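Hi,

Here is the structure I said I would pass on.

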Amino acid sequence: MENTGTYLSNLILQSKLSQREVKLVVEALKTKKYVLTAVLPDTPESITFGEFLELFWNFDKSPYVKEKIIFGQSIHRRYTDIMLSRCKRYWIPSYGKKLLGEVTRFDLKENLHRLAENYGLQKETVNQIMRSVTCALKWAYNNELIQKDVCKGLVFLHVVNKKREVLSYKEALSLFEAEWKDFTSKIANLTAMCTGLRMGEVLALRLCDLGDDCIYVRHSWARGEGLKCPKNGEERFVKVNPLLINILIENAKKNAAVVKEDAFVFGKENSDSPMNGIHWNESLKSEVKKLGINKHITFHSWRHFFATQLLNDVDEHKVMVATGHKSQDIFEHYAHHVTEEALQEVFTACNKLFLPAIKSI
């Protein structure tokens, strides 16, 4: 065997092989398990792993992002920035100089164990750090940039999610009957409770989005991006009591130096952008605690509260139309006029449920 090896080695060294012939040699060695991986020069695999990750998560240059946008799928700059920062902190320092085609499943498992054991991170955080590379590597494999799916069979950390909690109807009424330290946070939370809007959708509300008895959900707000399409990519409207509309208009006027149609309802004082919604979460938690309610409640809990309360009186599909949960079945099932009827039915139930809280403001 030693003579055979010497003969083959000398033969290769003395020959001028084409890239096709080199590939055949490499494939033969891999088939016999003599090598696990090999990277040929001037191929997609021959760029460094670090270069690949930095390009993959660059919102303006990434072929992955471009592909998502072409197919009408949602992806946002803030998300790619977060994933890139995870790669730069937890992957590139240790593995960035490896060639893309040299990265193995062992490398992924090795870093997974290191992240889980040495950084004091939450399990879900570790999983998100892992996704910053598995997403990129799976895309690379599916687009034939690498020859092997190194993510196949990789097991993430098991996460036990906190039980999702919502306030009872009585607790919610008590919350809005109470005096809040920050009145604007109270109005923002009230809006979420009465409409089921996400925080980004509440932040994005402008005066031009307020009708006489409805709110037009045309945008969402994201830090670093500004106004963007709602999460499902489609505009919608939610019918609300005119009293809530008046409260929102007054709040917009309070902070705007000049009241314009595109002024944000929850705008920063003398600014063209909305305030930071994180404060709404903190304020809500503080007020819930003051009432002696021992529940893990966040601003997003209002979206679940809204749906939970309505499901007592309204069909689930109609509630999903109001909340903007995109489902092809639902939007095929409801013609436009039926959708309007569904929203009217939701409004009737909302008015009965939430008018006492609105009147308490």
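I started with helix H13 (residues 278–290): it has 13 residues and reaches 19 Å from first C-alpha to last, close to the 18 Å expected at 1.5 Å a residue (that is, 1.5 Å times one less than the number of residues). Helices here are DSSP runs of H or I, at least four residues, numbered from the N terminus.

Bear in mind that this is a predicted model, with local features needing pLDDT of at least 70 and side-chain atom pairs counting only at 80 or more, while totals for chains, interfaces and linings use all residues. Residues are numbered from 1 along each chain as its sequence is written, and side-chain values use heavy atoms, leaving out hydrogens and water.

Back to H13: Trp280, Ser283, Leu284, Glu287 and Val288 are buried (under 20% relative accessible area, with exposed over 50%; 1.4 Å probe, protein chains only). Seen down the axis, the buried residues of H13 fall within an arc of 130°, so they line one face of the helix (the arc takes directions from the helix axis to the C-beta atoms). Lys289 and Lys290 are exposed on the face turned away from that side. The buried residues pack against helices H9, H10, H11 and H14, with contact meaning heavy atoms within 4.5 Å. After H13 comes Gly292, with a positive phi near 75°.

Two of those partners also meet each other: Asn189, Ala192, Met193, Cys194 and Thr195 of H10 touch Trp302, Phe305 and Phe306 of H14.

Cheers

Definitions and conventions:
Helix = DSSP H or I, 4+ residues; strand = E, 2+ residues; numbered from the N terminus.
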